[in-house]
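Thank you all for coming; please have the sequence and the model open while I talk.

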Amino acid sequence: MAPQSIPDIQKAWISTCQGTPAKSLKLVSDWPVPKRLQPEEVLVRIQAGSLNPVGWKLMKVLPNFIARRPNVAEHDFTGVIVDSNRTHFNNGDEVFGWIPVYLNMSTSQGALAQFVRVPADHLVLRPRNITPVQAAGISLASLTAYQALFDIAHLEANQTILISGGSTAVGAFAVQLAKASGARVIATASGRNEQHVRDLGADEFINYTKTDLPKALTERAQVSPKLNVIFDAVGASDSSLYTASEAYLAPNGIFVTTGPLPQTSSVSEFWKLFKTFGAVITPRWLGGTKRAYKLVAVTNKPNDLRAIQGLVAEGSVKPVVDSVYAFEDVLQAYDRLMSTHATGKVVIKVDSVAE
């Protein structure tokens, strides 16, 4: 597609106000195509996008003046370069990438549109062994997992890691990344997802719905070496997995979390959040937990994205797609994501012919 043939307007799902996706989102057909590019930006025709828990949670929690609405929803996409703007890409290159939250707020760009302008270093070429639909949900979840495991926890071969939420999108990437690094992986999920998590590479499985997880890990530590890393891929607001961790996390071990976000606006959820923050900031000499606690705040690191691209290209990491929805069915797709039953990414076909 030559630059002069790019349309002036497009279809897009716009977040218009604070609230649930059903309340906030509106499908419009006259959203401007962002053809004026800054240096090092490219214009991408989107083939498919994907949904993320952070998308609907921030949609529901953040007021308009912070989120700077209206803006196009969501963060992950795959597509084709239509204006390479003198970057290292060429028109026609097939890519996948992402729009971080801060960039979404500052530029109003998002994944649920037909076109997006984005910095070139937020993209990599799509490996030929995966389809656009498979590539659509890689970036945010895989970068979160990668940075938690390697940039923060410095996970090494032969170490043991617990991944809480192994069937989530972030957890699925974490299991595969940890196994690719040579670590031993214990993953938690509900019983119905046990085979799925084991197929991803988990060495041990714990059904969190059938057991008290801190108790089970304490009992395990009595006969097996303690864990080197705990990665909470769910962002649980309950702090017990951390506060009890001295019993099963090695003294130099680390607890990493995607960040406790309330699932609802209820008082009980915010009370759990308050207790978690209290547990984290309490000094050790006042009885605080004697283990490191770190948040992973995913950022754009081109080298990390290229590392993930390489692992996908060689087949060590495979994107997991839960379900695929038409562009007009975004609200039903959010229902699927918010049900917590999705195993892998919920993908939106922006281009109806995308594979």
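Let me begin with Gln47, which is buried, with a relative accessible area of 10%, where buried means under 20%, exposed means over 50% and partly exposed lies in between, using a 1.4 Å probe and protein chains only. This is a predicted model, in which local features need pLDDT of at least 70, side-chain atom pairs count only at pLDDT 80 or more, and totals for chains, interfaces and linings use all residues. Residues are numbered from 1 along each chain as its sequence is written, and side-chain values use heavy atoms, with hydrogens and water left out.

Gln47 sits in strand S3, residues 41–50; strands (E, at least two residues) and helices (H or I, at least four) are DSSP runs numbered from the N terminus. Leaving aside residues up to four places away in sequence, Gln47 touches, among others, Thr78, Pro132 and Asp351, contact meaning heavy atoms within 4.5 Å.

Now to the sheet: 3 strands form an open sheet in the order S2-S1-S4, with antiparallel pairing, and two strands pair if DSSP finds at least two bridges between them. Its edge strands, S2 (25–32) and S4 (71–72), each pair on one side only. Between S1 (residues 9–15) and S2 there are 6 bridges, and Trp13 stands opposite Leu27 in S2.

Finally, which residues of H6 meet H7? They are Ala141, Ser142, Thr144, Ala145, Tyr146, Leu149 and Phe150.
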